[in-house]
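Trainee: Before we begin, could you take me through this model slowly, setting each term against its cut-off?
Mentor: Gladly; let us have it in view first.

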Amino acid sequence: MELTAMSLFLFLVVVVAAASGEPAHPGYAAHGEACGVEAAPEPELKPVRREEFDGGRIVDISHYYRPDMPAWESGEGVGEFLRLARSMTNGSDIANFSDVFLTAHSGTHVDAPGHVFDHYYHAGFDVDTLDLAVLNGPALLIDVPRDTNITAAVMESLHIPKGVRRVLFRTLNTDRKLMWKKEFDTSYVGFMKDGAQWLVDNTDIKLVGIDYLSVGAFAECIPAHLVFLEKREIILVEALNLEHVTPGAYTLHCLPLRLRGAEGSPARCILIK
């Protein structure tokens with residue numbers, strides 16, 4: 001009955017619109033003639049896409065999603081992740097509705113403790129429990145040596161001041177544009193276990209950001225994650241786009257989706273100068 005009523009409503013809208021010369025739905029463009037006069041051509045619509053806003057004060061450090069974005073241990077990339085389930089084309093529906101098909105660790109994303117600790121997962125330590133006060137606030141973007149993974153020696157050499165709570169590590173991954181290559185690359189730069197342990201033991205850092213799909217180097221991916229997430233005090237933000245920013249101090253805003261029950265989530269992250 002409800003579907004029949006909706007169909008009748010759409011039919012009446014089309015009939016009235018046809019009689020009035022107006023488009024059947026305000027979301028559709030008007031075409032054709034009016035009072036015998038050909039309508040002026042519509043200007044070409046060109047959306048503006050950018051990485052910087054407000055004169056460069058705000059920088060988007062999230063990667064936009066695309067089928068050839070790399071996916072963990074895959075040579076095929078993320079693949080087709082968006083499907084238009086209901087379409088306004090030819091007046092077949094009243095609005096466009098898309099379905100999204102992504103893993104929780106696709107593109108720029110955060111890790112919750114339940115990602116690598118099964119008892120935390122079942123206890124409910126998901127992305128909905130992450131502290132927004134940690135995900136938002138002053139942050140330091142630093143360049144790390146390009147010829148090595150992030151070891152304890154590398155961490156010590158960076159001389160990160162006490163009191164710094166959020167650090168984004170820009171590595172060779174950015175130089176090599178690994179996030180722009182479809183095939184997953186195991187040679188990416190990340191933390192070794194001893195580097196992660198040095199950070200936990202010797203700094204006040206509570207948010208660690210990096211420029212590829214995992215904060216842990218491939219050879220010690222899980223050991224590094226375990227060190228970072230064991231005490232549930234550090235939040236990991238992975239696959240950041242750090243191409244358009246210079247090292248220095250910023251205000252970071254990073255907001256994952258509120259996916260209760262999920263051990264990870266895509267996130268929109270920005271830096272404010």
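**Strands, contacts and exposure**

Trainee: Which residues does R268 touch, leaving out those up to four places away in sequence?
Mentor: R268 touches D60, S62, H253, C254 and L255, where a contact means heavy atoms within 4.5 Å. This is a predicted model, in which local features need pLDDT of at least 70 and side-chain atom pairs count only at pLDDT 80 or more, whereas totals for chains, interfaces and linings use all residues. Residues are numbered from 1 along each chain as its sequence is written, and side-chain values use heavy atoms, with hydrogens and water left out.

Trainee: Why is R268 called exposed?
Mentor: Relative accessible area, taken with a 1.4 Å probe and protein chains only, counts as buried under 20%, exposed over 50% and partly exposed in between. R268 has 52%, so it counts as exposed.

Trainee: What makes H253 partly exposed?
Mentor: Its relative accessible area is 29%, and therefore H253 is partly exposed. H253 belongs to strand β12, residues 248–256, and, leaving aside neighbours within four places in sequence, it is in contact with L135, N136, R268, C269, I270 and I272.

Trainee: And why does R170 count as buried?
Mentor: R170 has 10% relative accessibility, so it counts as buried. This residue of strand β9, residues 166–170, has contacts beyond four places in sequence that include L141, D143, D211, L242 and T246.

Trainee: How many helices and strands does the chain have?
Mentor: There are seven helices and 13 strands, each being a DSSP run numbered from the N terminus, with helices of type H or I and at least four residues, and strands of type E and at least two. Of the 273 residues, 41% are buried.

Trainee: Which residues make the contact between α6 and α7, and how do they divide by class?
Mentor: On α6 they are K193, A196, Q197, L199 and V200, and on α7 they are P223, A224, V227 and F228. The classes are seven nonpolar, one polar and one charged, where Ala, Val, Leu, Ile, Met, Phe, Trp, Tyr, Cys and Pro count as nonpolar, Asp, Glu, Lys and Arg as charged, and the others, Gly among them, as polar.

Trainee: Which residues of α7 are buried?
Mentor: They are C221, A224, H225, V227, F228 and L229, and what covers them includes β7, α2, α6, β10 and β11.

**Rings**

Trainee: What makes the aromatic pair of Y120 and F125 edge-to-face?
Mentor: Rings of Phe, Tyr and Trp (its six-membered ring) pair if their centres lie within 6.5 Å, and planes under 30 degrees apart count as stacked, over 60 as edge-to-face and the rest as tilted; by this rule there are 13 aromatic pairs. The rings of Y120 and F125 lie 5.5 Å apart, centre to centre, with 65 degrees between the planes, and the pair is edge-to-face. Y120, at 10% relative accessibility, is buried, whereas F125, at 28%, is partly exposed.

Trainee: How far from the ring centre of F125 is R232, which lies over its face?
Mentor: R232 is 4.2 Å from that centre, and a charge sits over a ring if NZ of Lys or CZ of Arg is within 6 Å of the ring centre and within 35 degrees of the ring normal. R66 likewise lies over the face of Y64, at 5.1 Å.
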